[in-house]
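Me: I should like to go through the reasoning behind several labels attached to this structure. Please set each value against its criterion.

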Amino acid sequence: MTAVAARLRPLTGHRLFWPALVLVVMLAANTVYRPGFLAVEVKNGHLYGTPIDILRLSAPLILVALGMTLVIATGGIDLSVGSLCAISGAIACLHISGAADQNSPATVATALALAFGAALVLGAWNGVLVAVMGFEPIIATLILMVAGRGIAQLVTEGQIITINSGPYRAIGLGHFLTLPLAILIALAAALLVAAFTRRTALGLIVESVGGNAEASRLAGIRSRRIVFLVYVISAACAALAGFMVTANVSSADGNAAGLWIELDAILAVVIGGTSLAGGRFSLGGTVLGALIIQTLTTTVYAMNISPQTSLLFKAVVVIAVCLVQAPAFRARLRRRRRGTEPGPAAPQREKEQVPA
Amino acid sequence: MTGNRPVLTMTGISKTFPGVRALHDVDFRLFPGEVHALMGENGAGKSTLIKVLTGVYGTDAGVITLDGEQVSFSGPMQAAAAGVSTVYQEVNLCTNLSVAENVFIGREPRRLGAVRWGEMRRRARDLLARLDLDLDVSAPLGTYSLAVQQMVAIARAIDVQARVLILDEPTSSLDAGEVAQLFRIMRQLRDEGIAILFVTHFLDQVYGIADRITVLRNGTLVGEYRTEELPQFSLVEKMIGQELDVLERLDEQQKRATVDTADEAPLVDADGLGRRGAVAPFSLRIHAGEVVGLAGLLGSGRTEVARLIFGADRADHGQVRLDAGRAPVRNPIQAIGQGVGFCSENRRAEGIVPELTVRENMILAMQAARGWLRPIPRRRQDELVRRYVEALSIRPANPELPVRNLSGGNQQKVLLARWLITEPRLLILDEPTRGIDVGAKAEIQKLVVQLSDGGMAVLFISAELEEVLRLSHRVAVMRDREMVAQLDNDDTLDADRVMRTIASGTTRKEVTR
Amino acid sequence: MSSTSLTTGRSWRPSLPRRHVPVLATLALLLVMYGIGVSQYRAFSNIQVVFNVFIDNGFLLVVAVGMTFVILTGGIDLSVGSVVAMTAMVSASLLRDGLPAALVLVIALLIGPTLGFLMGCAIHFFEIQPFIVTLAGMFFARGMCTFISDSSISITDGFWTSMSQQRIGDPAGNFVSISVLIAFAVVLIAAYVLAYTRFGRNVYAVGGNAQSALLMGLPVARTRIAVYTISGLCSAIGGILLSFYTLSGAPLIAVGMELDVIAAVVIGGTVLTGGSGYVFGTVLGVLVLGVIQTLITFDGSLNSWWTKIVIGGLLFAFILLQRLIGIRFK
């Protein structure tokens with residue numbers, strides 16, 4: 001028994017083990033409940049099936065969560081991503097709806113560039129507030145979270161802008177090489193962010209700043225630039241997600257687009273094993289976290305429960321994940337277990353919780 | 001005074017933490033109406049003794065009596081209720097609340113559950129008047145200086161009919177005038193019969209106010225002395241406590257040949273560098289290939305000197321330049337850019353990034369200097385890391401292990417490697433050998449010699465005089481936040497002379513900062 | 001050195017205490033906005049306009065009072081909007097099931113504080129960030145809403161309709177609703193508790209410096225848990241008031257309300273890091289939001305989304321103001 005445990009330790013000790021296990025268990029439970037759950041079929045040269053749907057629907061969340069991972073790794077948080085989704089989607093749809101030929105690739109490209117640029121500017125605003133003016137991240141991004149919804153509605157003039165643009169629709173619903181384009185975009189973004197952080201020294205420096213800001217300063221790291229940069233990256237990811245969300249329904253709704261996605265993204269990051277206190281981050285874990293959340297939503301939906309009620313399950317997941325991560329809870333648990341067995345040395349958390 | 005019975009006695013106190021014997025058979029007594037200084041260097045056990053007294057820690061052995069009766073407090077609150085109040089180094093009050101509330105919060109005068117603000121202010125004014133303080137008691141505490149906050153903390157402490165007042169380094173951030181004000185209040189309380197236990201690192205202050213001194217060293221009692229019977233030199237000696245055999249061994253050591261620097265331009269030129277509240281302006285020149293040791297007691301300003309030279313703290317006086325003519329150093333980035341490395345004494349908070357691996361911690365400074373867009377190729381990283389893991393014999397020799405899993409000595413070596421990789425011209429080492437095992441210590445000492453032989457300038461800070469004398473070409477002596485002397489480490493210099501300099505100072509100025 | 005030169009020479013005591021500046025700025029802003037309204041639109045000077053601001057925002061005021069307690073300790077409560085909705089839903093569904101109004105009131109008023117108490121415990125004992133814990137609370141409460149019913153439930157109970165329609169007014173025809181009186185009562189009680197009880201002062205102490213508060217022997221755990229419980233209670237009262245106002249419970253009502261509430265508290269001069277602020281300021285903050293809405297309604301050419309943009313701008317301005325006057329005593 002213990003020998004097996006010992007052999008499994010390298011596996012269970014891997015940071016992606018627990019999120020991966022949760023995902024597998026959820027998929028398995030679904031399959032038991034509904035045997036056809038994992039079935040994938042080919043129709044018109046495209047793959048269809050519940051797993052594919054989960055992948056496709058989780059794409060916007062993956063995008064937002066990627067940016068959020070970097071922000072959280074620096075010890076910050078970005079509440080404004082939902083509003084940024086709405087703004088970028090609204091700008092893109094507005095430009096397309098005003099064009100003569102909505103199907104022209106040039107129109108769509110211009111629309112995307114415009115909206116992307118606007119998102120970068122707003123991300124830079126967040127970055128300036130946090131990195132230059134020294135606002136607490138939660139407060140700084142709260143401003144744009146509130147005002148951003150208004151800006152999005154300002155862009156759409158309170159209407160729901162409906163468009164009829166093939167190329168734009170493809171961002172959300174198109175297929176490429178039998179797979180939904182959305183998931184490929186999310187995958188490409190994940191690889192890009194991974195390359196951007198791990199092929200340069202950005203990832204190391206982000207983890208260093210989040211892990212020990214003072215030591216980083218004394219090692220000569222220009223943390224302000226890095227912090228500024230991650231908010232811009234987060235905004236860029238949010239903009240992509242905004243395109244996808246609006247393309248899915250071929251319309252931009254300043255109120256509903258990206259609603260609560262910031263909370264789901266934070267949840268995905270935390271489930272993926274990145275600590276809210278900053279430091280080490282795991283993009284793979286974040287992707288898994290986003291898939292878990294989408295699987296949960298799909299499961300609840302498949303069980304004919306109102307999608308809103310999935311929030312109940314989310315609440316349970318949030319609390320469970322946070323309890324597992326909370327040093328105080330671990331300490332209590334360890335105290336209770338002491339005497340029976342020492343248990344695998346839980347990684348000691350060296351950092352204090354940052355006050356929210 | 002001495003005719004009285006002691007108000008407080010601690011007898012045979014022992015306290016062990018896992019792996020550390022913090023206190024061993026320590027006796028301590030406190031008489032009513034005296035100021036009693038508790039002295040000792042890092043790890044002497046001062047704070048442990050206070051925490052045992054106030055019930056933060058339990059004791060492994062020993063008896064505490066208050067007024068002849070044996071006591072054992074469950075915590076600072078119960079101790080305060082019994083008349084043993086503590087005022088900490090960092091003022092533990094709420095600066096957003098008014099002065100009056102800070103004195104009375106938790107025991108405000110009330111009628112039918114409602115706080116009686118008028119009554120509270122009146123009583124606060126009365127109490128503060130007793131300390132000769134005239135404050136606007138309804139103003140937020142934060143509008144007053146640290147010194148006044150410290151005195152409000154004392155007012156809060158004595159309002160609970162304190163018979164024993166513990167002042168734990170209350171003066172570390174006060175200026176001369178504020179210290180004088182605090183002392184006036186301490187004398188007044190002493191004359192009212194309160195026993196004051198006073199912890200400080202400032203020698204002048206001890207001789208300015210204490211009636212009696214107890215010295216601890218390495219968790220044991222060195223002795224209890226009347227202040228006028230203990231010369232300053234003896235006090236320093238008792239605190240630092242050079243074992244005789246160590247001193248003899250030292251004499252056998254070959255002195256390091258003093259580098260001839262007269263005709264060379266200095267590499268580092270700190271000119272009138274200073275910072276209010278940290279260290280008085282000082283000038284220090286360091287040449288290439290020279291090791292300058294900083295000697296002084298804990299809290300004498302050693303670390304502050306290092307931080308100012310590195311630009312970690314902003315100087316408000318003077319400047320430091322490398323290579324006369326280049327721009328002065330104002331922040332760590334500029335310092336690193338000009339070839340300075342700094343190992344902080346606070347390894348955990350200011351040195352390592354615990355979650356990152358040994359490799360990542362090592363290349364951090366070099367990577368920071370290159371900027372994030374130019375990553376160090378992995379092969380180069382591995383090569384550098386392998387070289388330093390070997391050269392410094394870092395164990396375990398697995399560069400992919402999180403650095404928090406390493407022992408203190410190995411973490412220190414990782415930090416050394418971080419700076420050596422950047423090939424600095426000046427390396428500042430603040431207590432690099434503290435809290436690490438003997439083997440690692442010897443290795444680090446050897447390394448310092450090698451580096452300086454190779455032409456690197458080193459500023460070496462250590463609490464151990466023996467170490468400073470063995471490694472340095474020159475010794476700068478700190479006392480009470482002032483650089484009082486710079487001594488060539490020639491044949492005439494020994495631990496005894498350094499201690500004398502610490503004890504007397506070459507100048508006997510008022511503490512000015 | 002004499003004591004007088006030490007104590008007065010180093011302290012800075014302006015005639016206007018710095019901690020009052022944000023509240024006064026809010027008051028000035030409110031008066032300016034009201035002045036603009038009166039000068040632009042004749043109907044604005046009607047006293048009923050002011051009363052309507054209170055009638056429309058009574059529930060927001062109550063919830064904001066609860067949030068003030070939480071923010072004063074340096075915490076945050078994201079669950080308030082969902083708890084308001086949940087309380088309204090629970091009341092509506094219980095009334096539909098025929099329970100007596102008094103019993104429904106008791107049950108509805110117990111749910112919010114219970115949730116708040118549990119969240120407070122998680123925050124204090126497990127040291128999880130308030131942001132995350134109350135986020136979970138928000139999910140939970142909103143999930144409960146739809147769990148109860150997917151669609152809105154109307155309320156026909158006699159007590160509720162009478163509370164909704166009762167008008168208390170002067171002979172000139174100006175009136176307020178009972179909700180406004182309840183909101184005022186909550187404000188007065190909260191202001192008294194914060195200023196004159198030990199608990200109230202402990203709230204400020206914990207927000208100023210929790211570590212110090214612990215060393216001074218204050219009941220930090222009890223205080224911290226209590227503020228979330230109070231916030232839950234205020235949200236529950238707010239939910240009841242909202243159900244008086246709308247005479248229904250809807251699963252998606254009060255979405256995003258937590259942002260309005262936080263904005264109102266911050267605009268009212270309470271510092272988000274805790275330790276400084278007043279209930280009176282929160283009242284002003286809520287009024288500022290209400291007057292903005294009224295102004296935009298009166299204008300006609302401006303649309304409702306300008307409210308959010310203006311609130312965001314004000315939020316920025318007030319946080320900047322707090323930073324500039326260095327009100328963070330820490």
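Reply: One term is needed at the outset: pLDDT is the predictor's confidence in each residue, on a scale from 0 to 100. It applies here because this is a predicted model.

Me: What makes residues 243-253 of chain B a stretch to treat with caution?

Reply: Over residues 243-253 of chain B, pLDDT stays under 50, while local features need at least 70. The model has seven contacts for this stretch beyond four places in sequence. In residues 507-513 of chain B, pLDDT is likewise below 50, with 14 contacts beyond near neighbours in sequence. Where pLDDT is low, the predicted coordinates should therefore not be read in detail. For chain B the average is 85, and 93% of the residues score at least 70.

Me: Why is A:Ala147 called buried?

Reply: The label requires 20 or more other C-beta atoms within 10 Å. A:Ala147 has 25 such neighbours, so A:Ala147 counts as buried. The residue belongs to helix α6, residues 137-156 of chain A. Across chain A, buried residues make up 53% of the 356 residues.

Me: Which residues of chain C does A:Ala147 touch?

Reply: They are C:Lys308, C:Ile309, C:Gly312 and C:Gly313. The criterion for contact is C-beta atoms within 7 Å.

Me: How do you know what secondary structure residues 49-72 of chain C adopt?

Reply: That span is 100% helix and 0% strand, and its end C-alpha atoms lie 31 Å apart. The unreviewed UniProt entry annotates residues 49-72 of chain C as a transmembrane region.

Note on methods:
Residues are numbered from 1 along each chain as its sequence is written. Chains are lettered from A and ligands numbered from 1 in the order in which they are written. This is a predicted model: local features need pLDDT of at least 70, side-chain atom pairs count only at pLDDT 80 or more; totals for chains, interfaces and linings use all residues. A residue is buried if 20 or more other C-beta atoms lie within 10 Å of its own, exposed if 12 or fewer, and partly exposed in between; C-beta atoms are placed from the backbone. Two residues are in contact if their C-beta atoms, placed from the backbone, lie within 7 Å. UniProt positions are given in the numbering used here, feature names are shortened, and annotations may be inferred rather than shown by experiment. Helices (H or I, at least four residues) and strands (E, at least two) are DSSP runs, numbered from the N terminus.
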